[in-house]
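Hi everyone, thanks for making time. I'd like to walk you through a ligand site and a pocket, so let me put the structure up.

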Amino acid sequence: MNSAQNAPTSPKLTPNMALKYRNTFGFEVCAESAYEITAAEQIPKVMQQIAEQKLPWRVLGGGSNVILPKVLPGVTLLMNIPGQEITRSDESNTVITVGAGVNWHDFVSWTIEQQLPGLENLALIPGTVGAAPIQNIGAYGAEVADFIDSIEAFDTAAHAFVTLPKAACQFAYRDSYFKQNPHRFIVTKVAFKIPKAWEPRLQYADLARQFAGADTKPTAQQIFTAVCNIRSQKLPDPKVIGNAGSFFQNPIVPDKQYLDLLQVHPQLVSYPDQTGMRKLAAGWLIDQCGFKGQTVGSVGVYKNQALVLVNHGDGTAEDILNLAKSIQDKVREIYGVQLEIEPNIF
Ligand code: EPU
């Protein structure tokens with residue numbers, strides 16, 4: 001094959017692309033110019049054009065953790081890089097390298113089918129593989145950081161591809177080096193390290209309840225199914241009601257503040273945090289303020305989980321952010337705690 005045959009095709013460019021179906025809030029959004037990126041090699045040329053023309057730009061994965069305005073000016077890169085393969089397997093671990101555009105839940109399902117247990121607690125999280133490490137997705141006692149080996153990305157500052165080992169990614173609760181440096185890295189591939197030694201992770205109360213009293217330990221497939229069931233009951237399906245999962249992070253407060261709050265609010269729900277501080281259940285705080293199930297125009301607070309804001313139909317980013325502000329104000333007034341918005345605001 002000659003080099004021309006090896007070269008990836010140019011990314012498809014669509015002017016004025018409607019993105020209602022690529023943001024799980026279901027907002028009416030129009031991207032001025034959208035490039036569908038299907039191979040990492042397409043990125044340098046696009047980024048060079050963007051730099052030369054000084055255009056605004058952003059990357060969109062599955063659109064499940066973003067709040068998009070009506071118009072996205074400049075260039076939007078739709079990350080559609082496919083592919084997943086086992087790139088290493090030794091006595092202790094299996095390493096799987098996955099394209100940034102692969103659907104996260106499809107990947108998790110595939111690992112379970114391949115008898116590679118580990119990711120089952122993270123089943124049914126919407127979005128793409130490339131977006132997962134940016135906000136360090138987590139649920140039911142696991143975080144994606146636990147399984148990252150390294151990340152391949154295009155570094156827009158150096159205009160070069162880089163491979164970052166896990167230690168360089170600075171993972172923390174819903175946080176990473178990528179999130180701390182917005183607009184710098186475009187994740188193209190993620191290498192996952194799945195340990196061959198496997199133990200079920202059942203410390204999360206909802207999950208523990210499902211298997212309480214069982215004589216044998218559950219299989220990864222059973223945990224996968226249980227997680228899918230719990231999520232389906234608690235969280236709205238974005239195909240039915242627009243949402244971006246948890247809208248706020250669970251606030252992490254110093255022990256002193258937690259103990260003072262507990263004096264006044266003995267029912268306060270919280271967990272010890274890995275950093276030695278205390279993580280408060282934001283859903284509980286919002287619920288106690290009376291927001292759960294409330295509707296304001298076309299947007300509202302989900303009836304089964306106060307941490308999830310929803311778009312009932314014609315809502316916009318502005319409507320959601322106004323509702324978020326009234327929730328933040330009330331929670332601050334009553335509990336003295338600042339809620340931070342979790343999805344990225346574009
Ligand atoms: N609670 C209420 N009312 C509510 C919601 C929650 O009182 O309306 C209280 C309950 O006591 C409940 C506790 O808050 O036991 C915690 O709620 P839940 O178990 O639903 O978890 P969460 O802290 O609200 C976090 C993640 C979710 C993840 C679940 C399960 C964040 C911001 N959210 O939610 O992640 O699925 O734990 O591990 O950390 C996401 O990030 O989009 C997401 C859905």
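Let me start with a question: how do the residues of the lining of the second largest pocket divide into nonpolar, polar and charged? There are 16 polar ones, with 12 nonpolar and 5 charged. Before I go on, keep in mind that this is a predicted model.

Staying with that pocket, its volume comes out at about 840 Å³. It's lined by 33 residues, and those closest to the centre are Thr24, Pro126, Asp237, Pro238 and Lys239. Where does the lining come from in terms of secondary structure? Well, α3, which is 104–113, α6 and β13 each put in at least two residues. β13 gives the most, with 4.

Okay, over to the ligand. It has 23 residues around it, and the closest are Tyr140, Tyr173, Arg174, Tyr204 and Asp287. By class, that shell is 12 nonpolar, 6 polar and 5 charged.

The side chain of Arg174 has an N or O atom 2.7 Å from an oxygen atom of the ligand. For Gln305, again with a side-chain N or O atom, the distance to a ligand oxygen is 2.8 Å. As for burial, the ligand on its own exposes 820 Å², and the protein buries 82% of that.

And which elements build the shell? β8 at 138–139, α6 at 220–234, β13 at 242–246 and α8 at 282–288 each supply at least two residues. α8 gives the most here, with 3. On the domain level, domain 2, 84–195, and domain 3, 242–345, each contribute at least three residues to the shell.

One last thing to look at on screen: α6 and β13 turn up in the ligand shell, and they also turn up in the pocket lining. That's it from me.

Definitions and conventions. Residues numbered from 1 in each chain as written. Predicted model: local features only at pLDDT ≥ 70, side-chain atom pairs only at ≥ 80, totals over all residues. Heavy atoms only, no water. Near = heavy atom within 4 Å. Polar contact = N/O pair within 3.5 Å; in protein donor to acceptor, adjacent residues only side chain to side chain. Areas by Shrake-Rupley, 256 points an atom, 1.4 Å probe, with all protein chains shown as cover. Nonpolar A, V, L, I, M, F, W, Y, C, P; charged D, E, K, R; others polar. Domains from an automatic or database assignment. 1 Å grid on protein atoms, 1.4 Å probe; cavity = no way out; pocket = protein on both sides within 12 Å on 5 of 7 lines; lining within 4 Å. Points joined across faces, edges and corners; volume = space filled by probe spheres on them.
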